Amino acid sequence: MTPERIHEEFPAPSYRGAQRDALDRIQSAFADGNDVVLVRAPTGSGKSLLARAVMGCARRIEEAEPKQPTGAYYTTPQVSQLEDVAADPLLDDLQIIRGKNNYTCILAGEEDTPVDQAPCVRERGFDCSVKHRCPYFSDRAVAASREFAATTLAYFMNTAGSDVFGMRDVAVIDEAHGLAEWAEMYATVELGPRTAPIWDDLKVPDVDGPDRAARFAENVVDVCERAKEELAAQDELTPDEAARRDRLTDLKSDLNWFAEDYRDPHSDTVWVVDQAESGALTMKPMDPGRYLHHTVWDRGRKFALLSATILEKEAFCRGVGLDPANVALVDVEHTFPLDHRQLYDVTQGKMTYEERDRTIPAVGETLVRLMAAHPAEKGIVHAHSYDIQSRLAAELDAHGVGDRVRTHDSDDRDEQLAAFLDADRPEVFLSVKMEEALDLEGEKARWQLLCKAPYPNTSDSRVARRLEDDQWAWYYRQALATVIQACGRVVRSPEDHGATYVADESVLDLFDRAASSMPPWFAEQVTAMTTPDLPAADPEGALAGMDGAAVETRRSAPTTDDADDGDDRRQSPLSDVWGAE
């Protein structure tokens with residue numbers, strides 16, 4: 001790696017905000033010998049451009065000795081983030097590669113068949129006449145040969161050990177704050193009727209812990225192998241049979257990984273096992289550092305991890321299996337004006353399950369007042385759960401403002417989000433779990449409401465185990481990270497502005513409990529939070545902008561004190577919330 005190249009590799013024609021200073025500090029961190037540099041950069045600071053500059057410092061082929069790794073990887077857990085990279089002309093030298101199921105076969109009669117179910121994976125000895133033009137294998141070959149390859153974190157992890165995608169000199173992980181949680185999710189092993197094609201052939205015991213689960217997993221591996229051999233003996237498979245074979249292969253690999261890791265005396269992974277009434281088993285790893293070493297840390301010599309919400313270096317390193325002594329943290333200054341990104345307190349009580357019946361009607365009325373305060377501007381409500389979403393939608397219908405409201409369910413979330421973004425009416429979108437990788441720049445949304453403190457779900461056995469171990473600081477950091485991520489959805493540039501309203505008193509409590517983990521720029525937002533003076537809950541005023549008529553829009557939500565002083569503050573951002581019931 002040659003850190004001195006970082007500025008000449010910056011892809012934009014000029015720097016914006018704190019980018020020049022950020023590159024100077026990243027360069028120094030690598031030059032000081034650190035293997036990993038954590039870059040804590042606020043949303044809108046141009047992390048993708050910083051990432052490309054770091055990638056450009058990777059050893060080039062002409063500089064390498066035999067067997068020395070060259071080039072760089074870019075990876076992100078967010079599919080939408082990868083799409084943004086693919087669409088950015090400043091990043092056009094990053095070769096995108098996706099999983100097989102994202103490509104379709106080009107053989108005659110197979111044009112609707114995903115590549116992972118094409119004849120080449122269904123027929124023994126199939127010699128594809130157009131393999132050189134296959135969209136997947138073409139993209140893979142190009143990505144493997146290019147200096148810079150970009151993919152999702154899922155594909156990156158799944159190709160660990162691949163001869164095609166081996167170690168590179170540099171790897172950059174964007175949106176890296178959730179790396180431990182993503183690894184836990186990918187390393188989780190599910191064994192049940194939905195995931196195990198041989199489920200009906202199994203006699204499932206009562207499992208009282210990981211030891212019994214490991215013994216059962218080893219037995220299931222044998223059953224998978226026999227079923228796979230039966231399929232392998234056939235000359236040709238149907239698409240369903242090919243999918244069954246591949247699932248058996250993956251399940252066998254997952255179960256072997258779990259059993260081997262659990263029995264390895266040198267592994268630090270703690271396994272939590274859940275069993276449903278149906279007998280289905282879920283084996284969940286906690287702090288899967290060993291899994292990350294195999295799938296991530298062995299894939300590069302130097303790493304840059306970028307996020308707005310890597311809140312504490314030591315805790316982050318523990319969670320992902322890194323030695324803090326080889327890791328540097330670079331903080332990037334927030335250059336967006338504070339009066340463009342303020343928070344507003346419209347708390348109406350707590351949104352805990354026990355108090356929700358009392359709080360939701362008050363939040364519904366507050367939403368009508370917010371709609372009246374922003375009659376011609378789109379807004380997004382982060383409802384946290386489908387229960388809260390549906391109950392708020394009912395409240396707004398009862399207030400007579402349902403015509404301005406858009407909702408979604410788990411099946412049509414992408415379609416409804418696209419419709420909201422394209423709408424030329426000032427709709428209010430009641431969303432669930434749209435906290436990250438959502439760009440609501442400019443008129444896409446000017447205001448938003450955070451309905452519930454996004455604490456991790458305590459019914460998840462891993463969360464419960466951590467709290468049993470008194471890891472409350474982790475619990476508060478997780479929720480705070482989600483709130484901070486949410487704060488970056490609406491205000492996307494120094495010129496942008498939007499208003500963020502907080503409805504749940506528990507969010508204020510979270511700010512107190514996690515104050516020591518706040519980046520300075522977010523602590524500034526919390527300190528500046530005020531209570532707005534909103535109009536009455538007038539349905540007519542809330543719907544005033546729906547007919548397309550010109551409406552005088554109030555760009556600020558002044559506090560009661562601000563109103564007395566005649567101060568005209570701009571409203572600000574925030575976006576989404578995360579968690580479960």
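Before you click, a word on sorting residues: Ala, Val, Leu, Ile, Met, Phe, Trp, Tyr, Cys and Pro count as nonpolar, Asp, Glu, Lys and Arg as charged, and the others, Gly among them, as polar. This is a predicted model, where local features need pLDDT of at least 70, side-chain atom pairs count only at pLDDT 80 or more, and totals for chains, interfaces and linings use all residues. Residues are numbered from 1 along each chain as its sequence is written, and side-chain values use heavy atoms, with hydrogens and water left out.

**Stop 1: colour by confidence.** pLDDT is the predictor's confidence in each residue, from 0 to 100. The chain's mean is 89, with 94% of residues at 70 or more. (Helices, H or I, at least four residues, and strands, E, at least two, are DSSP runs numbered from the N terminus.) Over residues 549-581 the pLDDT is below 50.

**Stop 2: the second largest pocket.** On a 1 Å grid over the protein atoms alone, a pocket is an open set of points with protein on both sides within 12 Å along at least five of seven lines; a cavity is a set where a 1.4 Å probe fits but cannot get out; lining residues have an atom within 4 Å of a point. This pocket holds about 760 Å³. Select Gly46, Ser48, Asp88, Asp439 and Arg492, the closest to its centre of the 29 lining residues. Which element gives the most to this lining? That's α3, with 5 residues. By class, the pocket's lining has 9 nonpolar, 10 polar and 10 charged residues.

**Stop 3: the cavities.** There are 2 cavities of 30 Å³ or more. The largest has a volume of about 110 Å³; select Thr43, His334, Cys487, Gly488 and Trp521, the closest to its centre of 13 lining residues. Both α16 (472-487) and α18 (520-527) give two or more residues to that lining. Its classes are 8 nonpolar, 4 polar and 1 charged. The second largest cavity, about 60 Å³, has a lining that includes Arg16, Gln19 and Phe336.

How values were computed:
Points joined across faces, edges and corners; volume = space filled by probe spheres on them. Contact = heavy atoms within 4.5 Å.
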